[in-house]
Amino acid sequence: MKLNPPTPPATQTANQEEAFRPCRFLFPGVRSIRGKLLFMISIVAGLGIIATATATFALWRMEDKIRIIESFYELNQKVLEIRRYEKNYFLFNDRKDLLNALDYVDQVRAAIVGVKAILLENKSELESLYDKELGQYEAISRQLLRDELSPQNKQSLENALRKHGQDITKSIFDMDTRARVRVEREVAGYQKTAVLILALAVGLGSVLIIYMMRWIMRPLSAIREASARIMQGEMSSIPMNDEVRCSVEGIELVNSLNLMLHSINIKQHQLVQSEKLAAIGKVTAGIAHEINNPLNNISLTAEVLLEDLPNLACSERMDMVRDILVQSDRAREVVHHLLEFSRTRKSNLMAPVDLVALMESSIALVKNQFRLGGIVYRYDHPDQPVLVNGNSNHLQQVLVNLMLNAVQAMQPDGHLDLVVSGQGKEARIVVSDTGGGITPEALTHIFDPFFTTKNEGTGLGLSLSYAIVKDHGGDIEVASEPGKGTTFTIIFPQLAKDA
């Protein structure tokens, strides 16, 4: 995985200042998720308090209106009691009924006082009823209680009593009706206001909460998508885009993740080098043998020249010098391949690589392992180059590691097939051996770090090879059957021949 170094702290601060500009018009002075949550909760709580206060006020006013209706109901009942005793008096001419009616007049006055205490309007009408209507009704009633009344005067007073009773009843009923209509209208108004404010609070609170959730999820979603792309090898670090920069926490999280990725890249590079040194150690014996042969030839030829130089013809001396040069070139080539393989290069150095030539140079590094292990190899490749975009040093490490694993898995007289091919948009490398194969249980774990089926080894070879192939946008497949061998197939995107 290729990782870029993290942004310096000074640059991060400048980026943070620039990043908050898109969010300031919504939350001036608020830069963190915690601050915005507190701000949002305060708004929602304020709306809830307003809605609660409005509902409480409406209930309080409704209670007042209910008391008004109850007071009018009580007043109506007492007036009806007066009229009931009045009618009994007219029917039975019993003075006790008239006295009972007068008792209820006092109760009606008391009820009027109670209504006036809670009624804010129409008090003058109640005062008129209290003083005038009830006073006249009481005066007529007391006149009827006298013994010296003539039948004509008594009839006249009874008619007047009946009329005043009807007027009182009508006035009370009219005031009751108006009070009820007014109370119902005001209660409906309070209810509508409370419901409207509550709906406004719920609606605005929901919008704010939805926006806040989207605002919180934006940086997290951006970080998650960037992490997924990093896993696929598409980028080296998480970018600091507008979605991330909209919050302090998002910026801090991305900076921390980028620092972590940078550290992982360093550790991975160290693992690659350690595994490469392990591979170099494995090929040391073959390399030493490969170098010793030309050195021995050079040494023997030089001794012959030293001992028989005067007796040798000029052509013989020239042949010996040429042989020394040939053997020196042979040793130099072996050392060159070894140095080229062991050299550390920047992980982000990518260039067109010819897989045909890369496989040939990799075979040159391990062919003595083939000879020492008694392995017969066959290399098939097209005549033209097969180009991919990659790091030749890392790709060679993959090839060397696969070939060394194949040698270790086979007995003498084993066969190793190496194939490089390019067709369409794909370039393929196939490494197939006739070793003991891999069990199905182990096959699912062979690319896991530190997993190995050998008595010796770090278990990092195939894991690092897998990471390198993925880092090059490729894929590596393995097919194996116990007792019949294993085949590794590496697939890369192929470059056009004119790339």
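Biologist: Leaving aside neighbours within four places in sequence, which residues is His 164 in contact with?

Modeller: First, a word on reading this predicted model: local features need pLDDT of at least 70, side-chain atom pairs count only at pLDDT 80 or more, and totals for chains, interfaces and linings use all residues. Residues are numbered from 1 along each chain as its sequence is written, and side-chain values use heavy atoms, with hydrogens and water left out. His 164 has its place in helix α6 (residues 151-231); helices (H or I, at least four residues) and strands (E, at least two) are DSSP runs, numbered from the N terminus. Contact means heavy atoms within 4.5 Å, and the partners of His 164 are Glu 133, Gln 136, Tyr 137 and Ile 140.

Biologist: Is His 164 buried or exposed?

Modeller: Buried means under 20% relative accessible area, exposed over 50%, and partly exposed in between (1.4 Å probe, protein chains only). With a relative accessible area of 17%, His 164 therefore counts as buried.

Biologist: At which residue does α5 bend?

Modeller: Start with the length: at 1.5 Å a residue (times one less than the number of residues), the 22 residues of α5 (residues 123-144) should span 32 Å, and the end C-alpha atoms are 31 Å apart, which agrees. A bend is the angle between axes fitted to the seven residues ending at a residue and the seven starting there. In α5 this angle is about 35°, and the place is Leu 129.

Biologist: Which residues have the most contacts inside the largest nonpolar core?

Modeller: A nonpolar core is a set of buried Ala, Val, Leu, Ile, Met, Phe, Trp, Tyr and Cys residues joined through side-chain atoms within 4.5 Å. The largest such core here has 40 residues. Inside it, the residues with the most contacts are Leu 355, Met 359, Met 403, Leu 416 and Ile 429.

Biologist: Which element gives the largest share of this core?

Modeller: Two or more residues come from each of α10 (355-373), α11 (392-409), β4 (415-423), β5 (426-433), α13 (461-471) and β7 (485-493). The largest share is nine residues, and the element that gives it is α11.

Biologist: What is the bridge partner of Val 420 in β5?

Modeller: Two strands pair if DSSP finds at least two bridges between them. Eight bridges join β4 to β5, which run antiparallel. In the hairpin of these strands, Gly 424 takes a positive phi near 65°. Across the pair, the partner of Val 420 is Ile 429.

Biologist: And what is the bridge partner of Ile 429 in β7?

Modeller: β5 and β7 run antiparallel and are joined by seven bridges. One of the pairs is Val 431 with Phe 488. For Ile 429, the partner is Ile 490.

Biologist: How many of the nine residues of β7 are buried?

Modeller: β7 is also joined to β6 (residues 475-481) by seven bridges, again running antiparallel. In that pairing, Ala 479 stands opposite Thr 487. β7 is largely enclosed by the rest of the structure, because the number of its nine residues that are buried is seven.

Biologist: Is Asp 413 buried or exposed?

Modeller: Asp 413 lies in the loop between α11 and β4. Its phi is positive, about 75°, although Asp 413 is not a glycine. The relative accessibility of Asp 413 is 60%, so this residue counts as exposed.

Biologist: Where is Asn 93 found?

Modeller: Asn 93 is another residue other than glycine with a positive phi, near 55°. At 43% relative accessibility, Asn 93 counts as partly exposed. Its place is the loop between α3 (33-92) and α4 (95-118).

Biologist: To finish, what percentage of the residues in the chain is buried?

Modeller: The chain holds 13 helices and seven strands. Of its 499 residues, the buried part is 38%.
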